[in-house]
Amino acid sequence: MENPRHWRIRKQRYALVGEVCPHCEVKIFPPRDVCPNCGGEAKTQFAFSGKGTVFSFTVMNDAPAGYEKNLPYAVALVKLEEGPIVTAQLTDLGDQPVEIGMPVEMVTRRIRDDGDEKGIIVYGYKFRPAFASQH
Amino acid sequence: MSDVVIAGVGQIPVGEHWDVSLRSQAVRAVLAAIKDAGGLKPQAMYIGNLLAPTVSHQSNLGALLPDWSNLTGIEGITVEAAGASGGGAFRLGYLAVASGFVDTAVVVGVEKITDVVGPELERAIAESTDYDYELAQGLTLTAQAGLVMQLYLHQYKPPREAFAAFPMLAHENAVGNPFAMYRKPISQKAYDSAPMVSEPVNLMDMAPYADGAAAVVLTRRDLVPDSVSHPLVKVSGSSVASDTLALHDRSDPLAFDAARLSVEGACRQAGILPQDVDFFELTDAFSIYAVLSLEAAGFAPRGEGWKLGLDGTLRRDGKLPILTMGGFKARGNPLGAAGVYQIVEAALQLRGEAGSNQIPNARRALVQNLGGPASTAVAHVLERVNG
């Protein structure tokens with residue numbers, strides 16, 4: 001991934017920073033210029049708790065270039081406690097089967113690397129089973 | 001306004017054309033369509049394509065393809081709307097001719113996937129998801145379908161094996177289509193034992209990506225040369241709708257709202273209801289999308305679209321035939337060209353030229369082309385012109 005692009009969205013990717021709409025108070029992730037709920041201008045930053053539940057999931061056996069090393073991997077739609085849904089890989093699953101409704105929490109992990117070509121290792125959010133935080 | 005009609009169609013077989021270039025594929029389809037239209041010379045070319053800039057490192061097909069078709073000088077524009085690029089290009093051709101600004105337009109869908117292989121191709125195709133927030137997490141189009149199907153299975157509890165009906169029907173119908181990629185039937189057993197690609201989507205639930213090119217010539221009815229002896233097909237409804245690009249931005253990912261809106265728009269313009277059509281060419285890029293398209297168009301209640309696959313309704317002799325020439329699953333899925341293949345196949349049915357796949361007395365078709373999980377939906381109503 002190109003450096004300027006990665007730099008531009010680092011807050012979202014490292015800290016799950018989105019927005020709260022100043023007009024209707026809906027929480028927004030990822031941040032947008034326009035609130036998808038009320039259509040008002042949205043600029044106020046809001047850091048999400050990183051807690052949520054699995055809304056749907058899949059286990060992938062074919063990957064796009066840059067992600068092959070993780071195969072097979074689980075990707076989920078995670079419904080955040082504050083409302084929005086995000087797409088994210090699941091991690092630290094161990095032998096635990098994934099289920100819809102399972103509580104998960106955000107962690108920062110390596111999500112891809114561009115190999116020798118550009119040498120960038122991209123870190124970002126993934127989600128793990130919520131009980132794992134007890135260890 | 002004079003009717004906008006399809007005066008000619010052309011296609012090349014869908015498959016892996018290692019020895020044929022992007023431009024040659026397109027030119028062959030264009031020339032075939034112009035010939036079928038009695039040699040009508042187009043003033044505009046609208047091109048449906050998704051991957052040329054990434055996979056073939058070639059942009060500005062709007063100049064390249066008229067040039068190599070010996071049509072240098074005409075208007076040429078590429079339409080990109082992921083898997084709905086072909087349908088989108090057809091829409092543009094329709095608007096151009098219907099507006100009166102263009103007398104005759106050729107619409108060509110072309111896709112060249114075999115210029116790269118493996119993960120590089122997966123990534124190029126996945127760039128039609130939200131790059132920053134979906135592909136960045138390693139998501140592909142197939143994984144999106146996996147997320148949707150998992151949710152469907154959880155919410156409505158259909159028998160998992162019921163989804164086999166869609167690829168089985170597609171393969172059965174492809175047997176009679178000389179332009180299809182896989183002309184062999186498949187069994188329930190083959191479906192049940194297919195390897196998992198993106199759970200719960202297995203290899204038989206997804207259409208294979210392939211090379212292909214298809215073209216149609218659109219013109220006003222009064223401009224069709226006398227030498228054209230085949231029946232004409234008119235465009236009586238045309239509509240495009242969009243939904244969120246990212247699946248996660250939808251409160252109800254099983255609704256396929258854009259699919260519903262495009263059908264409503266096209267049928268309203270044609271003055272019909274969806275049930276007034278003789279067949280429905282839908283997008284079975286994934287079997288779950290076929291099910292959701294049937295529900296979105298109102299042919300089944302939410303959560304019950306899969307049942308239509310079990311009672312014969314969707315077969316060529318049923319009440320609502322779909323995928324009549326093999327659909328995406330067995331004809332093959334040439335992404336940005338697929339929407340034009342659908343139009344060509346529907347036109348052949350309406351002209352009575354579908355060979356052993358002919359639907360008796362087919363007079364009106366609904367054709368729907370989806371990009372992604374119905375992030376873009378293009379719908380057209382086509383009708384055989386009387387006399």
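A salt bridge, as I use the term, is a side-chain nitrogen of Lys or Arg within 4 Å of a carboxyl oxygen of Asp or Glu. By that rule, B:Asp36 and B:Arg351 form one, with 3.0 Å between the closest N and O atoms. B:Asp36 and B:Arg351 also belong to a network of salt bridges together with B:Glu353.

Some ground rules. This is a predicted model, where local features need pLDDT of at least 70, side-chain atom pairs count only at pLDDT 80 or more, and totals for chains, interfaces and linings use all residues. Residues are numbered from 1 along each chain as its sequence is written, chains are lettered from A and ligands numbered from 1 in the order in which they are written, and side-chain values use heavy atoms, with hydrogens and water left out.

Now the domains of chain B. Domain 1 covers 4–117 + 209–223, and domain 2 covers 140–206 + 235–384. Those bounds come from an automatic or database domain assignment. Taken over C-alpha atoms, the centres of the two domains are 23 Å apart.

How many residues of domain 1 of chain B are in contact with domain 2 of chain B? The number is 42, against 34 residues of domain 2. Contact here means heavy atoms within 4.5 Å. Between them the two domains of chain B bury about 2800 Å², with 66% of it on carbon and sulfur atoms. Buried area is the accessible area (1.4 Å probe) that two parts lose on being put together, summed over both. On the domain 1 side, B:Gln11, B:Val14 and B:Tyr209 lose the most area to domain 2 of chain B, together 27% of what that side buries.

The rule finds 1 salt bridge across it. It also finds 12 residue pairs in polar contact, both residues at pLDDT 80 or more. A polar contact is a pair of N or O atoms within 3.5 Å; within protein, one must be able to donate a hydrogen and the other to accept it, and residues adjacent in sequence count only if both atoms are side-chain atoms.

Which elements supply the domain 1 side? β1 (4–11), α4 (85–99), β4 (104–111) and β7 (212–220) of chain B each give at least two residues. α4(B) gives the most, with 7 residues. Helices (H or I, at least four residues) and strands (E, at least two) are DSSP runs, numbered from the N terminus.

On to the two chains. Chain B puts 29 residues into the contact and chain A puts in 36. They bury about 2900 Å² between them, 56% of it on carbon and sulfur atoms. In chain B, B:Tyr133, B:Gln137 and B:Leu147 lose the most area to chain A, together 26% of what that side buries.

The count between chain B and chain A is 1 salt bridge. The side chains of A:Arg32 and B:Asp249 meet in a salt bridge at 3.1 Å, N to O. On the chain B side, α5 (119–126), α6 (141–156) and β5 (196–198) give two or more residues. α6(B) has the largest share, 6 residues.

Now B:Thr104, in strand β4 of chain B. Buried or exposed? B:Thr104 is buried, at a relative accessible area of 2%. The cut-offs: buried is under 20% relative accessible area, exposed is over 50%, and partly exposed is in between (1.4 Å probe, protein chains only). The side chains of B:Thr104 and B:Thr219 are joined by a polar contact of 2.9 Å. Leaving out residues up to four places away in sequence, B:Thr104 touches, among others, B:Leu40, B:Pro42 and B:Val217.

Last, salt bridges over all chains: the count is 20. One pairs A:Asp92 with A:Arg109 at 2.5 Å, N to O. A:Asp92 is in the loop between β6 (85–89) and β7 (103–113) of chain A, and A:Arg109 is in strand β7, so the pair ties together parts 17 residues apart in sequence. A:Asp92 is partly exposed at 35% relative accessibility, and A:Arg109 is partly exposed at 26%.

Another joins B:Lys112 and B:Asp211 at 3.1 Å, N to O. B:Lys112 lies in the loop between β4 and α5 of chain B, and B:Asp211 in the loop between β6 (201–202) and β7, so this pair ties together parts 99 residues apart in sequence. B:Lys112 is buried at 2% relative accessibility, and B:Asp211 is buried at 0%.
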